[in-house]
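Here are my notes on the model, point by point. Have it open while you read, and jump around as you like.

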Amino acid sequence: MSTNALSARSIMNGLTRRLEIRMLGLALVIAISLSLLSPYFLTANNIFNILDQSVVVGIVAVGMTLVILTGGIDLSVGSVAGMTGIVLGLALQQMPIPLAILCAVLTGAGVGLVSGILTAYFGLAAFVVTLGVMAIARSLAYIFSGQTAISNIPEAMSNIVYTDVFGIPSNVLFLVGLYAVAWAYLTYTKGGRTIYAIGSNKEAARAAGLNVLFYSVLPYILSGALAAVAVTFSISQLLSADPLMGNQMELDAIAAVVIGGASLFGGRGTIIGTLIGVLIMVMIRNGLNLLGVSPFWQGSAIGSIIILALLVERLINWRSGR
Amino acid sequence: MTSEQPISTDIVLEARGVAKTFGKTRALVDAQLELRAGEVHGLLGANGAGKSTLSRVITCHIRRDAGEITYRGASFDAGSTRDALRAGIALVAQETSLAPDMSVLENIFLPELGRAGRLSYGSLRRRASDILGRLGHEHALPLDLEVRRLSAAQRQLVEIAKALALDANLLIFDEPTASLSPSEVERLFDIMARLRNDGRALVFVSHRLEEVFAITDRVTIMREGRTVASALPTSSLTQSDIIRHMVGQDIGSVYARADRQGVSSDAPVVFEVSHLSAPPAVRDISFSVRQGEILGLGGLVGAGRSEAAEAIFGLRPRAKGTIKVDGREISPQKPADAVRAGIGLVAEDRRVQSIVPDLTVRENLLLAHIGQHKGFGLGYAARNARMKHLIQSLDLPADRLDANLLTFSGGMQQKVVIARWLLLEPKILILDEPTKGVDIGTRASIYAILREIAAGGVAVVVISSDFEELLGLSDRIVVVSDGLSIADLPASVLDEEKLTLLAAPRTSTARNTDFLKQLTHDYGGAGVWALLEQDEVICLGAVQAKDALETGLQPGKASAIGATRIPVALQQRAPHFVTEEAGDRATLLLPMRSRRGNDLGWIGLTLPTSADLPPPELIAARVAALHAAD
């Protein structure tokens, strides 16, 4: 057996035992209680619904996981989604679909590059930089769009979402594929391990000769690009690009990452945990909708669950003497 | 130099059976301590023996797991450092707990700032100068200066004043002399003696034995978390008694340099640093290392050694200077560049600069490999063989490679960090305080490893403030003081005393150099300040008037007495001018001592015999006056 496999397994052992298993347990408890409360919850239809609703926030949460693993944060993803959505909408008027998507993704990546350089090279606080970028991107979304939604999106865009492969919707398949790639990247590659090392102890990573600058910027680039990918799925579902798209998406993404067990100080967390976090968030929302709970109460429910999950985690860590 | 007055028998504090475990490390197993009023109590032990942990348990920085502490006759169980301070127990820590941007006055009364009600700066000012007066430093410390502008010694003074402002009657000094010059140490001891005579109990944590003998009345010795000798009168002990207690064996074996012959002088120079400067800490440092050589970089904490290593390694910008590896100049801008050139650095602060806590032991070991790996994947397989070899030869726990590195002892952590670099097979390995926080057993094995890799052809640079370690380990020692490399000497001609003198900050040696300047100004000729051995002389300073005769001595260099131009005088060491065989020059040599009687070397004045030789008594009186006021 190779060292790779060994170390991968060890990492899985070390981290899952502590975090994801617990969060998976929480996800199951929520799923079971919701299925007891609502007969619709466990129907195939609803399960696909949950998965479908997980796609957009799930994609953004991958980028957010990378950023948070380095010890940063990206508050701009929602606004970048909004802005790149408008870019996509405008580009679709001029060029074929693949090129238009490429345009949007490159725009997102470019915005991420700026945030990344400002934080990693100039050492500005990620919170403040991405807060600024958040405001700028949203304002540009309004300016580019002329304050109105772009609704003449080509019908062909909907193929992106509504094509089934082996009976699975393509957007769900994309999400699964993205998580598999991200997991492999973080576990088996130099870059992935460097991202963990940077978040865990940046100074030590630098002193060991790791390329700290590059791998600190990369997560922001990917986060921006993935925000554009996420909004592409939204637009292909709605066939409309609104400058308000992605509003407060950063909060859902950060919540998913944190529920998934990542530390906001960096270095700790896994992509599987994030996936579980996303599912927990979406399930709660879906379940509350099924139960007919007022949408105004949903924020309270989700907020309480985030805080409770973290509190339980902290209490367990105290117990084990950390 | 022990107590001038009998120690009272009032027991101030008694600790019994104190235990403390951090994770899997048992820092304290069964620690005892008994302190009386009016004594300086030495708390001794090797690195990792538990001295600092015990100190911090007493001052409530750390909660004990078990054990009894009685303080002034009552069971003592304060919850926080604040409670301990209120009870009169204060810690004068090595790394001070001062607020750097606040003034001296504010720092002295920092604990009072948290008290309700109005503060009167006028009365605080009066109390502060009263306290400093009691310490004999009334005017030495401007009360309005910001603390970050102070020297290490001055900060310590502020710490002590802060403790006295709370009327502490038990003060723990945790390695207070680590970054002080010899004269500053004497001043500190003076203060400690005053506090003792006031009836306070003082704990002096140290591993510098000569200081222990100079200041303590009784000592408690710890080893591996246990008290192995409790409250023995210092006067009843010899150095070797103490070492035996500290180590549990004779220390001679630790360095095991018996069969070691020096590196041959025709071994190629692998690593050469010249005129390195990285302001403000590094001003002008040069040294070179031959293949297979262990070079020691000695000096006090803060002399600029760690900063020099960081500048070489690309962790700190350089202003000037060249770095050559195998004769080829390199200019690393970041550590990755230095690593590519074949340099490895085991940094001083393991926790901050080396360990990545969220990665496993294995990944920590492979971290530098990841930095150098060109591919997209991990490439661990390519290092498998070498890794197996290292795990075996460094005695790393092969079955716990997936654990968290922080659960291992300091020694094991250090071995993993060293192995991280050895995995890359570097040409040059720089180690900054490699045995800090490492237990004595592992220290010996780290020394053995360094020997072995040096023998394998690696140029090894060791930075250490532990002079005994430096002397035991190095082939050659470059002494750094105030950012300058001031001496480059074979370890065989040095001992701890000489290193202490050489390493003293320039500010404290400036007086001696100024004195040489005055001498040569008044009488002409050449003045030297040197250490004399049987047949060797180490020059600490040299000043020449115009057209003076050569003495053949160069600052920072050792020479055989026979090879100098004043061999007869250096041999005779007579209290009068001694004329050389050629008859052209005469030299007066006078020993110089500090007020406490410490040997500070010799002052020499060489004049042409044709000149009017001044009366030796006159010069002797001036030499004697030089350090009388310390």
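1. Strand 9 and strand 10 of chain B make a hairpin with 2 residues between them. In the turn, B:Glu224 has a positive phi of about 45 degrees. Strand 9 covers residues 218-223 and strand 10 covers residues 226-233; they run antiparallel and 5 bridges join them. B:Val219, for one, has B:Leu232 in strand 10 of chain B as its bridge partner. Strands here are DSSP runs (E, at least two residues), helices are H or I runs of at least four, and both are numbered from the N terminus. Two strands count as paired if DSSP finds at least two bridges between them.

2. Before going on, some housekeeping: this is a predicted model, where local features need pLDDT of at least 70 and side-chain atom pairs count only at pLDDT 80 or more, while totals for chains, interfaces and linings use all residues. Residues are numbered from 1 along each chain as its sequence is written, chains are lettered from A and ligands numbered from 1 in the order in which they are written, and side-chain values use heavy atoms, with hydrogens and water left out.

3. Now the other sheet I looked at. In chain B, 6 strands form an open sheet in the order 23-22-21-26-25-24, with antiparallel pairing. Its edges are strand 23 (558-560) and strand 24 (578-579) of chain B, each of which pairs on one side only. Strand 24 is held to strand 25 (residues 585-593) of chain B by 2 bridges, again antiparallel. Across that pairing, B:Thr579 stands opposite B:Ala586 in strand 25 of chain B.

4. How is chain B divided? There are three parts: domain 1 (12-250), domain 2 (269-502) and domain 3 (505-626). The bounds come from an automatic or database domain assignment. The centres of domain 2 and domain 3 of chain B, taken over C-alpha atoms, are 38 Å apart. Their contact (heavy atoms within 4.5 Å) takes 14 residues from domain 2 of chain B and 16 residues from domain 3 of chain B.

5. About 1200 Å² is buried between domain 2 and domain 3 of chain B, and carbon and sulfur atoms give 66% of that area. Buried area is the accessible area (1.4 Å probe) that two parts lose on being put together, summed over both. On the domain 2 side, B:Val493, B:Lys498 and B:Leu501 supply 41% of the area buried against domain 3 of chain B, more than any other three residues.

6. On to the chain pair. The contact takes 36 residues from chain B and 27 residues from chain A. The area buried between the chains is about 2500 Å², with carbon and sulfur atoms giving 57%. B:Asp358, B:Phe376 and B:Leu378 supply 22% of what chain B buries against chain A, more than any other three residues.

7. Across the interface of chain B and chain A the rule finds 2 salt bridges. In one salt bridge, A:Arg268 meets B:Asp358, with the closest N and O atoms 3.1 Å apart. A:Arg193 also forms a salt bridge with B:Glu363, where the closest N and O atoms are 2.6 Å apart. A:Arg193 lies in helix 8 (residues 190-200) of chain A and B:Glu363 in helix 14 of chain B, so this pair joins two chains.

8. Last, a spot in chain A. A:Asn152 is in the loop between helix 5 (126-145) and helix 6 (159-162) of chain A. The side chains of A:Asn152 and A:Gln93 are joined by a polar contact of 2.9 Å. A:Asn152 and A:Leu239 are 87 residues apart in sequence and 7.4 Å apart in space, C-alpha to C-alpha.

Key:
Salt bridge = Lys/Arg side-chain N within 4 Å of Asp/Glu carboxyl O. Polar contact = N/O pair within 3.5 Å; in protein donor to acceptor, adjacent residues only side chain to side chain.
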